[in-house]
Amino acid sequence: MLRHAAAPGSGDPHGFRLGDCSTQRNLSEEGRAQSRAIGDLFRANGISSAAVYSSKWCRCLDTARLLGIGEVVPLELLNSFFGNSSAAEERTAALLAWLRGQRFGGPAILVTHQVNITSLTGEVPDSGEMIVARIHEAEPVQVIGRVATPA
């Protein structure tokens, strides 16, 4: 799981609308550079293509596209529930069920938000940080590593 790259601020402005990036908090130039560097890091480690899923928020979609390692599939299950903590348990359970039902033929990258990653893994990633995890059929998610945001 990859938290979107640097996007200054917190939450989203009043009037937020999916599909309208002008109403959202977006990647800074630093965030765009981070996204490209993360893609370079994947390639340097032998991953030149992957299944890439993203929240529908512009900052996540942009992060995912700038990785340059696969077609980006928007996935509503990765959308943020920041500001709606009552949705955390249900949304996380739905994402976990979806993950358990997938049979990825190689690496899979999920670009999402801090609250989603924390709810699923218990880890609190920085912007642009990856949490590497194994999804077991009936056991909790197993965090097997973290990859810091490239400088």
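Author: **Aromatic pairs**

The chain holds four aromatic pairs. Rings of Phe, Tyr and Trp (its six-membered ring) pair if their centres lie within 6.5 Å; planes under 30 degrees apart count as stacked, over 60 as edge-to-face and the rest as tilted. One of the pairs is Trp 98 with Phe 104. Phe 104 is partly exposed, at a relative accessible area of 32%. Buried means under 20% relative accessible area, exposed over 50%, partly exposed in between (1.4 Å probe, protein chains only).

This is a predicted model: local features need pLDDT of at least 70, side-chain atom pairs count only at pLDDT 80 or more, and totals for chains, interfaces and linings use all residues. Residues are numbered from 1 along each chain as its sequence is written, and side-chain values use heavy atoms, leaving out hydrogens and water.

Now the whole chain. Of its 151 residues, 42% count as buried. The chain has four helices and six strands. Helices (H or I, at least four residues) and strands (E, at least two) are DSSP runs, numbered from the N terminus. From the N terminus on, the order is β-α-β-α-β-α-β-α-β-β. Along its principal axes, the C-alpha trace spans about 40 × 40 × 25 Å. Contacts (heavy atoms within 4.5 Å) tell of sequence distance too. Among those between residues at least 6 apart in sequence, 56% join residues at least 24 apart.
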